[in-house]
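Reader: Please take me closely through a single part of this model, and state the cut-off behind each term as you use it.

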Amino acid sequence: MQPRTPLALCVLLSQVFLLTSADDVECTPGFQQKLFHIHQPVEFIEDQSVLNLTFSDCKGNDKLRYEVSSPHFRVNSDGHLVALRNISAVGRTLFIHARTPHAEDMAELVIVGGKDIQSSLQDIFKFARTSPVPRQKRSIVVSPILIPENQRQPFPRDVGKVVDSDRPEGSKFRLTGKGVDQEPKGIFRINENTGSVSVTRTLDRETIATYQLFVETTDVSGKTLEGPVPLEVIVIDQNDNRPIFREGPYVGHVMEGSPTGTTVMRMTAFDADDPATDNALLRYNIRQQTPDKPSPNMFYIDPEKGDIVTVVSPALLDRETLENPKYELIIEAQDMAGLDVGLTGTATATIVIDDKNDHSPKFTRKEFQATVEEGVVGVIVNLTVEDKDDPTTGAWRAAYTIINGNPGQSFEIHTNPQTNEGMLSVVKPLDYEISAFHTLLIKVENEDPLVPDVSYGPSSTATVHITVLDVNEGPLFYPDPMMVTKWENISVGSVLLTVNATDPDSLQHQTIRYSVYKDPAGWLNINPINGTVDTTAVLDRESPFVHNSVYTALFLAIDSGNPPATGTGTLLITLEDVNDNAPFIYPTVAEVCDDAKNLSVVILGASDKDLHPNTDPFKFEIHKQTVPDKVWKISKINNTHALVSLLQNLNKANYNLPIMVTDSGKPPMTNVTDLRVQVCSCKNSKVDCNAAETLHLSLTSLLLLSLLSIVGL
């Protein structure tokens, strides 16, 4: 294969004018000149030509249309760019888009000295629009392709062309990259023979703003001859997205009486269009204010920053004089720097005028009256106040204090959280006989401190006059409880004590009668006149009605009032122990094998209902033995237990062994109990007690239980 001849290749794009020789192409579609410079005039005059543009699609310019980036200009059919009205500033750059069914192109007008309203496409797309790129031998020179988003049918449509005058026969163009053979696939393609680059569908800049493609030439076998060379496709933004407020709800607060110009909140909208163009350059304004009193213009919004500030005097921001302390503003954001052609979006801003404590609470009356019965506790009167501040804040909530007339701390005052009233209560019962009248001085303040120029006045204090009503109070026992100590088993009719009750109604001179209220065992009697208490039965410390040696009874004292009043007194009788209970043994049944090598029968324990020293140590004895030859033995283990054993084996039978146990009381008490011992036949680990009545406990079990009781002691 012969070496390739030098390749001269350049990409002719519809937006970029490249100087080529007549051998390359006879007609190049697009603007003949793509970059213009003019000086900023004092004013662009309506219908006066700014410059003349020349565009050709090489096919007669049928259905030629122009679009200008600024809404203040248009291109006439003869190619003259004119202003639609007199205007002094339009920015630093204008872009003119020309389109026919066969070609389209973009020209740029740079206004020297123009104000920076929007960025030029040079800044946006980061490539220099200068003189045509010089051609180099055996190299592919490309420039970005600029395609407006949202183009309509028909598709596909040509957007550029790769020309190679020295291309070898049979060589082909190949286009690769995201948008061609990578996802999203099939958006761009190239005619492998002519080099025409075309787009197959509508583009959306907000989805993909740029595409990085690669151009190369290949031989008939697909082998790369030259390249790949990067080709950037830039999607030109159109104003197809409205501003939206994404961070709502928007709620701001401003303190009442704030100075003019106080910043309340900031509103910020988002526009998905290109932030480097006027398509996303937002301006804010207030469309509506509700309510519109006391002024329809209570607030102002910075058109560029979105800051909402107050514009009325502090006097008009008085929460207590406003019909509604909450305002709703309809905020509009408009792109295209707020021009009429811009798209708009709205949101509601709620502004709450917050309260400050500029009104002190005031009692509705200077004096309040209350009446309460002696001996009663609870709320006796509600003190009412007025406060013009916000009921949901500490500037309205009241705090009451008793500042005089409560030395015994018999009264307390608390705030009703719903009504803000002061609830005056008696917390210690009052006594009519001590004082029939009370006078309290009460002050009220707010939870929050007052603003510096407001103070609490005379209306923030009030006097409460309280009248105590006399009631028939029940007699009082003294002391209560009454306590007495007696021996149990004292004789019936013994006097225990004389109770004493007095009537607190000292001014009424009433008599008192006594009666038994609760006497669980029925042991007591009381003289109704003098209150003497005596016994009607024997007192028993071991009774189930006695707890920890104390017996409890209740008595009544009833006065002669109308209706009579009753008082209750408690009598606690501590009973001292008497040795009146004989001890008893346990268990009372045992068994043993007739051929047992261990002659121990059972361990006995003893118990006594009395208290020490009328209990242990116990003395254990065999009262008498019925067997002629003495074969039983009892041995002391400790103060409460003894071991019963045999001196020899006995024949299979039942035996009753009388056991006598004596306590340590003075005088001592003795009890004799039969211990039933069953001698059984024990062969081959089987116990046979058939010759005698069957027993439920084995000897081993009885011994174990007895040992456990010893350990427990």
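Predicted model: local features only at pLDDT ≥ 70, side-chain atom pairs only at ≥ 80, totals over all residues.

Author: A pocket here is an open set of points on a 1 Å grid over the protein atoms alone, where a 1.4 Å probe fits, with protein on both sides within 12 Å along at least five of seven lines, and lining residues have an atom within 4 Å of a point. Residues are numbered from 1 along each chain as its sequence is written. Local features need pLDDT of at least 70 and side-chain atom pairs pLDDT 80 or more, while totals for chains, interfaces and linings use all residues, and side-chain values use heavy atoms, without hydrogens or water.

The space in this second largest pocket comes to about 500 Å³, taken as the space filled by probe spheres set on the grid points, which are joined across faces, edges and corners. Two or more lining residues come from each of β6 (65-68), β9 (93-99) and β13 (157-164), strands being DSSP runs of E of at least two residues, numbered from the N terminus. By type, the lining holds five nonpolar, eight polar and eight charged residues.

Turning to the disulfides (cysteine sulfur atoms within 2.5 Å), the whole structure contains two. One joins Cys-593 and Cys-682, with 1.9 Å between the sulfur atoms, and is left-handed at -85° about the S-S bond. Because Cys-593 lies in β45 (residues 589-593) and Cys-682 in β51 (residues 670-683), this pair ties together parts 89 residues apart in sequence. The other joins Cys-680 to Cys-689 at 1.7 Å, S to S, and is right-handed at 105°.

Methods: Helix = DSSP H or I, 4+ residues; strand = E, 2+ residues; numbered from the N terminus. Nonpolar A, V, L, I, M, F, W, Y, C, P; charged D, E, K, R; others polar.
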